[in-house]
Amino acid sequence: MIIEIGHYALVLALVASLVQSVFPVWGALRHDQRMMAVAPPLANAQFVLVLIAFAALTHAYLTSDFSVLNVIENSHSDKPLIYKISGVWGNHEGSILLWVLILVLFGALVSMFSRNLPQQLRAATLGAQGWVSFAFLVFVVFSSNPFLRVAQPPMEGRDLNPMLQDIGLAIHPPLLYVGYVGFSIVFSFAIAALIIGRIDAAWARWVRPWVLVSWVFLTLGIAMGSYWAYYELGWGGWWFWDPVENASFMPWLTGTALLHSAIVMEKRDALKVWTIFLALLTFSLSLLGTFLVRSGVLTSVHAFAVDPERGLFILGILMVFVGGSLSIFAWRAPLLKQGGLFAPVSREGALVLNNLFLTTATAAVFFGTLYPLVLEAMTGEKISVGPPFFNLTFGPLMVPVLLMMPFGQLLAWKRGDLWGVTQRLALAFGMTLVAMMLLAWFMGGQNILAALGFGISFWVIFGALWEIVDRIKPHKVGWSKAMHRFVGLPRTVFATALGHLGVGLTALGIVTVSAYETETVLTMQPGQTRDVAGYSITYDRTWDQRGPNFVERVAEFTLRQDGMVIDSMYPSKRVYNASGRPMTEAALHTEGFSQIYISMGDNTADGGLVTRVYYKPLITLIWIGALVMSLGGLIALLDRKLHVGAPQPARKSATARARAASTPAE
Amino acid sequence: MRNTVLSALLLVMALWGGPALAVNPDEMLDDPALEQRARDLSAEIRCVVCQNQSIDDSNAQLAKDLRLLVRERLQEGDSDQEVLDYLVERYGEFVLMKPRFAPHTWLLWAGGPLILLVGAAVIFIGLRRRRKQISEGLVPPPLSAKEKQELEDLFKEE
């Protein structure tokens, strides 16, 4: 019965989305108050209805209701509670339902938190949002329905793919989807601006929080997926340039560009057309990502759906939305007025360059991901595009971006003084040189490229922090006054500093682990000891044990440093009962920012164990950097009413102006 | 009880009969320099039956065979390029993780740089047009430093 209620609610939501797609936009075009007024209640109703549907499906998983096909295929009564819950979205139908749930949640949030928007813009935005939710609800109801029952329920389910039975992958999809789907709101805002034909700095102010929320979650989702792959796949890689990873990375790159161009638009009323284009592009890439992952066009762990009908359906949605939005853009964008002027050397100029490189980087990833698919479809020729291609095409584009970051932070709006900024950065540059040489020496490095990589990373790190020092000037005004200034700094300054600091930390982790990781593969006998990166690692024994829904073989290793035992590590290999699929579980020991990673191989005939020991110097910085970036985004979000990230000589009046400018919006 | 037996059986099957995980010690060459070359080369060769894995990472039987093949060729004195050519001949270009630069991949390799050039050109032309518009008086020129100061003062007085 509960399942039928969920099913019914889903169909009602579909009807609501249809109404929401038509009347608010019509009303916005004809200035009809009554038609525009239906949008917010419909958006709220859709959220409640889809929530009911989602809750009904979750209930079926929790109670192991094996009369529901979706539950049979993806659950098992022995499964731990958390994986019963995550099993809801660990399959095609459920994950699309989660996608839609987050979509309508964002719609409801817009209807609740944007009472201060002009009515026309609000109605058109929710209308465009209605188009997206209509398309996806049709998809769920007609070709990915999770509520189908079977006539003769089996006693037991077929269990969730063991790879997905992990806490990392339980929370990875929701994080990622909030990021993906959040950009739909930005997309809808852009469509609404194009339909209405008016756009200004206030638009950027309204859109920024949504961009920030989506970006923060996408950052966290990608970092989570990367860490999961690192400890779960068993060979210690953290990024594979897999099409599925690229699918989430492309909207992240354009989303990052959007975040920056929206600042220019908000502060300087410039780059308006470009910002609109980026908004459309980012959500288009999110849709492309959904298509790649959900259609089964890639054969990879994520692509569970092998039914080509579904693939064609999402491809249809993708083409309608990308083609449609680009057509509207081509038709309406020329009407938008160009705004503020700026000199090439200025903060705007730096942000334009940032956008150029980020967009190009996106294009490089886009070509690498889609080219083999298109080539095969067109000519039947099969080629592979793997990490070596991406490292070669993507990597070099990041170097100028990183080098420019500290300059961009300090340059003034409109017309900057590059030489002046260079002088102000002299001390940060000196610190960079010292840190670079220290680290290169510590790593025992003859590796020039790695040293340069250290230099670039430290440059970003010190450059990011330097902006704060430069603003409070402790060397000029004394520490107590500087502390006072520090407390009074706008939060956006911290947001920028943390965002850039995070990028620097991630870069440092990537450079260090790429240049200096070591791998030791050997067969160990019980009691045997091997020295790796200053640790002695002893293999003690193995034993078998049972988990809730798997059996596993566990090995015990003792980690010693200077003869002292510092840790015991237990890598294991599991076999899941229902599916019979094997999984490896690596063991990690973290020391500072570096990790020792042990992965267990096969037993050999003479009683030995094939063991893989990796030393991963500074690897955790890769994910810590992502966390710091997200924190920066979060802080920017808390401070969205203030002006963003600009060094203003007369800050007080600037803030006053900001307040005056934002009054109509409140 | 039945369950226990079943589990034990599964464990035996999976742990003893299962595939080996990536490079195994028994595959490795004695010469460390040659072994390193084999590892580097392996990272550029796709395990053709796997999902986007190199033979260095994969635990499939085919990947193991290819790893052994690569080492065999290297021991016989092949250069890296000769090994790759040999594999392409047997398995097609699909085996290369880094596609060759040839007519059918020109767009792939040139796509990114092309976008960069076009983008830079658009920005450059846009800037020049703006400057021209200013010099022809179509658009008011930006404020001078003095005017800016005056404006700031006005705001301060408010």
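# Briefing on a predicted two-chain model

Strands β6(A) and β7(A) form a hairpin that has five residues between them, and A:Gly580 in its turn takes a positive phi of about 70 degrees. The structure is a predicted model, in which local features need pLDDT of at least 70 and side-chain atom pairs count only at pLDDT 80 or more, while totals for chains, interfaces and linings use all residues. Residues are numbered from 1 along each chain as its sequence is written, and chains are lettered from A and ligands numbered from 1 in the order in which they are written. Helices (H or I, at least four residues) and strands (E, at least two) are DSSP runs, numbered from the N terminus.

**Hairpins of chain A**

- Strand β6 (residues 572-576) and strand β7 (residues 582-585) of chain A are antiparallel and pair over four bridges, where pairing requires that DSSP find at least two bridges between two strands.
- Within this pair, A:Arg574 has A:Met583 of β7(A) as its bridge partner.
- Strand β2 (residues 529-532) of chain A runs antiparallel to strand β3 (residues 535-546) of chain A, to which four bridges join it, and A:Val532 stands opposite A:Tyr535 in β3(A).
- The hairpin of β2(A) and β3(A) has two residues between the strands, and in it A:Ala533 takes a positive phi near 50 degrees.
- β3(A) is also joined by 10 bridges to strand β4 (residues 550-561) of chain A, again in antiparallel fashion; here A:Ser536 stands opposite A:Arg560 in β4(A), and the hairpin formed by β3(A) and β4(A) has three residues between the strands.

**Domains of chain A**

- The domain assignment, whose bounds come from an automatic or database source, divides chain A into domain 1 (1-165), domain 2 (200-304 + 330-336 + 344-413), domain 3 (425-516 + 620-665) and domain 4 (518-616).
- Taken over C-alpha atoms, the centres of domain 1 and domain 3 of chain A are separated by 40 Å.

**Nonpolar cores**

- A nonpolar core is a set of buried Ala, Val, Leu, Ile, Met, Phe, Trp, Tyr and Cys residues joined through C-beta atoms within 7 Å; a residue is buried if 20 or more other C-beta atoms lie within 10 Å of its own, exposed if 12 or fewer, and partly exposed in between, with C-beta atoms placed from the backbone.
- The largest nonpolar core has 191 residues, and those with the most contacts inside it are A:Val100 and A:Val186; helix α9 (residues 201-232) of chain A supplies the largest share of this core, 19 residues.
- Apart from this core lies another, of 17 residues, including A:Ala555, A:Tyr597, A:Val610 and A:Tyr614.
- Beyond its neighbours within four places in sequence, A:Val100 is in contact with A:Val50, A:Ser133, A:Phe136, A:Leu137 and A:Val140, contact being defined by C-beta atoms, placed from the backbone, that lie within 7 Å.

**Loop residues of chain A**

- A:Asp159, in the loop between α7 (119-143) and α8 (167-196) of chain A, has a positive phi near 75 degrees although it is not a glycine, and it counts as buried because it has 25 C-beta neighbours inside 10 Å.
- A:Lys414 lies in the loop between α15 (395-410) and α16 (418-424) of chain A and has a positive phi near 70 degrees, also in a residue other than glycine; with 19 C-beta neighbours inside 10 Å, A:Lys414 counts as partly exposed.
- A:Gly236 sits in the loop between α9 and α10 (243-268) of chain A and is buried, with 24 other C-beta atoms within 10 Å; leaving aside neighbours within four places in sequence, its contacts are A:Tyr230, A:Tyr597, A:Tyr614 and A:Lys616.

**Chain B**

- Chain B has six helices and zero strands, and 25% of its 158 residues count as buried.
- Among contacts in chain B between residues at least 6 apart in sequence, 48% join residues at least 24 apart.
- An unreviewed UniProt entry annotates residues 106-127 of chain B as "transmembrane region"; UniProt positions are given in the numbering used here, feature names are shortened, and annotations may be inferred rather than shown by experiment.
- Over residues 106-127, chain B is 100% helix and 0% strand, and the end C-alpha atoms are 31 Å apart.

How values were computed: Two residues are in contact if their C-beta atoms, placed from the backbone, lie within 7 Å.
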